[in-house]
Amino acid sequence: MRWSTATLVLALGGATALVGAGWERLAVALQLAGAPVPASEGNLSEHELEEIEGLPPQAQAERLLKRAVSGYGGALEQIAKRAAGWVGQIELNESLHAVTSVAYCSNNLRVRAAAVEVSLAGYGLAKTPESVDAQMRLLEDGGEKRFFPLWKLGLLGNRGVEPEKVLRVLLRYRSDAEQVNRLWAVNALGMLGSDEVIEPLIEVFRTDPSAEIRERAACNLADAGMLTREQRRKAIPYLLHMTDEGGLDEQTRGWVYQALREISGESIGADPTAWRNWWDRKKD
């Protein structure tokens, strides 16, 4: 069949119109605002699981943690299943460290917990009391990098390994003379994620001479670390009390209101009366 030039022009014009209409519809579907639009079923496929099975441990850990960050069903279960076997088999190289850093910022605490599991495996730390004792010995040796065992202790404690012992150590180091040790004790307290860390973090937020450490305490109360939303709400009365403290500098006072907004989801400004009225309505 031979088409005339006019027929071809009309046909191509119609096709172009259809394609244009299709792209217009697609563009509307892919706007960034609005409800999530699933790209697939969102589960690890059988094919991918077979592929992962054949990968070396390092690649397994990175692939699965990426999938967990992206919300793929089955990824967290696979990490839980394999993490113990990765101890001593993987390392936190630049690539895997980048993925864990993203996972630690996830709004899903289970993904953050997966990052803890991968980190411990990358550090070569089994989830045993002996690992806690080994990190405590490193602290007692008085080396220059005591902050690193502090961080690892927070991770171990979060996974249920000697959490009470870990808490006692971290509380001692939150007032250490070395600023870097105080900083990482605060971060480790946030990772420990128990109710018992809330008041110590508030105290650091109120009194530590370092603005950097005060900010980290506020971040661990408001968003960072392993506290749940319900646990973070327990900090609200303490933060409200801080709004009345006359000795706070303006920067710290601003962080108090920022923490209140992040914990509550409210958009109230730097108005202590408005915050108290809101809390009186909500706390019951």
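Me: How do the axes of helix α8 (residues 147–158) and helix α10 (residues 179–192) cross, and within what distance do they come?

Reply: This is a predicted model. In it, the axes of α8 and α10 come within 8 Å and cross at roughly 10 degrees.

Me: Why are α8 and α10 called roughly parallel?

Reply: Angles under 35 degrees count as roughly parallel. The crossing angle is roughly 10 degrees, and α8 and α10 are therefore roughly parallel to each other.

Me: What makes the relation of α3 to α4 roughly antiparallel?

Reply: The axes of α3 (residues 57–69) and α4 (residues 75–86) come within 10 Å and cross at roughly 150 degrees. Angles over 145 degrees count as roughly antiparallel, and α3 and α4 are therefore assigned to that class. Their crossing is left-handed.

Me: Which residues make the contact of α3 with α4, and of what classes are they?

Reply: On the α3 side they are P57, Q60, A61, L64, L65, R67 and A68, while α4 supplies A75, L76, Q78, I79, R82 and W86. The residues of this contact divide into 9 nonpolar, 2 polar and 2 charged.

Me: How do you know that L201 is buried?

Reply: Buried means under 20% relative accessible area. L201 has a value of 0%, so L201 is buried. L201 is found in helix α11 (residues 198–207). Leaving aside residues up to four places away in sequence, L201 touches V186, L189, A217, N220 and L221. L201 and G190 are 11 residues apart in sequence, with a C-alpha to C-alpha separation of 8.1 Å.

Me: Why is E48 called buried, and what does E48 touch?

Reply: The relative accessible area of E48 is 8%, and E48 therefore counts as buried, the cut-off being under 20%. E48 has its place in helix α2 (residues 46–53). With residues up to four places away in sequence not counted, E48 touches R63 and R67. R67 is also one of the α3 residues in the contact with α4.

Me: What makes G122 buried, and where does G122 lie?

Reply: G122 has a relative accessible area of 17%, so G122 is buried by the limit of under 20%. G122 lies in helix α6 (residues 109–122). Beyond residues up to four places away in sequence, G122 touches I90, E91 and L92. G122 and A61 are 61 residues apart along the chain, and their C-alpha atoms are separated by 9.5 Å.

Me: How many helices and strands does the protein chain have, and what share of its residues count as buried?

Reply: The protein chain has 16 helices and 0 strands. Of its 284 residues, 40% count as buried.

How values were computed:
Residues are numbered from 1 along each chain as its sequence is written. This is a predicted model: local features need pLDDT of at least 70, side-chain atom pairs count only at pLDDT 80 or more; totals for chains, interfaces and linings use all residues. Side-chain values use heavy atoms; hydrogens and water are left out. Axes are lines fitted to C-alpha atoms, for helices over the stretch in contact, and angles run from 0 to 180 degrees between N-to-C directions. Helices (H or I, at least four residues) and strands (E, at least two) are DSSP runs, numbered from the N terminus. Angles under 35 degrees count as roughly parallel, over 145 as roughly antiparallel, 65 to 115 as roughly perpendicular and the rest as oblique. A crossing is left-handed if the near helix is turned anticlockwise from the far one by less than a right angle, and right-handed if clockwise. Contact means heavy atoms within 4.5 Å. Ala, Val, Leu, Ile, Met, Phe, Trp, Tyr, Cys and Pro count as nonpolar, Asp, Glu, Lys and Arg as charged, and the others, Gly among them, as polar. Buried means under 20% relative accessible area, exposed over 50%, partly exposed in between (1.4 Å probe, protein chains only).
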